[in-house]
Amino acid sequence: PLTTKMWLAAAFATVGVVLLNLSGKKQGAPKNPHVGFTIVTAALAALSYAVFDVLIQKWSPAWGLGRFLPITMGLVGLYSFALIPLFEKPLRTMPLATWRPLGGAALCMSSQALLFVSTIAYFQNAAAANVLYSVRGLLSIAAVWLFGHWFSNTEKEQGREALTPRLTGALLMFVAVVLVVA
């Protein structure tokens, strides 16, 4: 059962993530015809992650971390191969220079997945882990703010219209984290 404090933390973190992802209106930007599809698939992904987190919390004690994590991560790796037929082009057509950053990104993503799943399995608190994990949105905004100009990102120059909701989101996320750890 979740406490009122945990529900509040989850609500603050959710609103914080939404506000962090708002951006200022771009002059002359075309409307995206895929917004509805994006919202539906994002909601389905969130539901999938939520069910997965609950199942980790429920089943990992019976299996033990030493058995549960390798089996889970191995199956996730195998399932990812099912997506290959959906790629626009065959993997062999990808330029050789693309493989190195792709490998680095895959290593980072698999590391964070392993750390997150291990945290839920060990501490048995999926709700708190997700609130704390949502801070990655805040960290990514900070990284873009600090280092984005290295990659020709102009997000830093969007002004108060973009900064105000993001700062509000950051404050809500801070409150959420305080509620979880206090």
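User: Which helix holds Gln57?

Analyst: The model is predicted, so local features need pLDDT of at least 70 and side-chain atom pairs count only at pLDDT 80 or more, while totals for chains, interfaces and linings use all residues. Residues are numbered from 1 along each chain as its sequence is written, and side-chain values use heavy atoms, leaving out hydrogens and water. Helices (H or I, at least four residues) and strands (E, at least two) are DSSP runs, numbered from the N terminus. On that basis, the place of Gln57 is in helix H2.

User: Is Gln57 buried, partly exposed or exposed?

Analyst: Buried means under 20% relative accessible area and exposed over 50%, with partly exposed in between (1.4 Å probe, protein chains only). Gln57 has a relative accessible area of 29%. The class of Gln57 is therefore partly exposed.

User: Which residues does Gln57 touch, not counting those up to four places away in sequence?

Analyst: A contact means heavy atoms within 4.5 Å. By that test, the partners of Gln57 are Ile120, Gln124, Asn125 and Ala126.

User: What separates the C-alpha atoms of Gln57 and Thr14?

Analyst: Along the chain, these two residues are 43 apart.

User: What is the pattern of the protein along the sequence?

Analyst: The protein has seven helices and zero strands. Read along the sequence, the pattern is α-α-α-α-α-α-α.

User: What share of the contacts with a separation of 6 or more joins residues 24 or more positions apart?

Analyst: Along its principal axes, the C-alpha trace spans about 55 × 50 × 30 Å. Of the 182 residues, 19% are buried. For contacts with a separation of 6 or more, the share from residues 24 or more positions apart is 80%.

User: How far apart are the centres of the positive and negative side chains?

Analyst: Lys and Arg count as positive and Asp and Glu as negative, with His and the chain ends not counted. Each charge is placed at NZ of Lys, CZ of Arg, CG of Asp or CD of Glu. The protein has 13 positive and 5 negative side chains. The distance between the centres of the two sets is 7 Å.

User: Which helices do the buried residues of H3 pack against?

Analyst: The buried residues of H3 are Phe68, Leu69 and Thr72. They lie on the same side of H3 because they cover an arc of only 90 degrees around the axis, an arc taken from the directions from the helix axis to the C-beta atoms. The face turned away carries the exposed residues Gly66, Arg67, Pro70 and Leu78. The buried residues pack against helix H2 (35-63) and helix H4 (96-123).

User: What does the cover of the buried residues of H1 include?

Analyst: The buried residues of H1 are Met6, Ala9, Ala13, Gly16, Leu19 and Leu20. These fall within an arc of 150 degrees seen down the axis, so they line one face of H1. On the other side of H1, Thr4 and Trp7 are exposed. The cover includes H5, helix H6 (135-147) and helix H7 (160-181).

User: What does H1 reach from its first C-alpha to its last?

Analyst: The expected span of a helix is 1.5 Å times one less than its number of residues. H1 (residues 4-20) has 17 residues, with 24 Å expected. From first C-alpha to last, H1 reaches a span close to that, 24 Å.

User: Which residues are in contact with Leu19, leaving aside neighbours within four places in sequence?

Analyst: Leu19 is found in helix H1. At 19% relative accessibility, Leu19 counts as buried. The contacts of Leu19 are Pro165, Arg166, Thr168, Gly169 and Leu172.

User: How far apart in space are Leu132 and Ala176, C-alpha to C-alpha?

Analyst: Leu132 lies in helix H5 and is partly exposed at 37% relative accessibility. Leaving aside neighbours within four places in sequence, Leu132 is in contact with Val177, Val180 and Val181. Leu132 and Ala176 are 44 residues apart in sequence. Their C-alpha distance is 8.1 Å.
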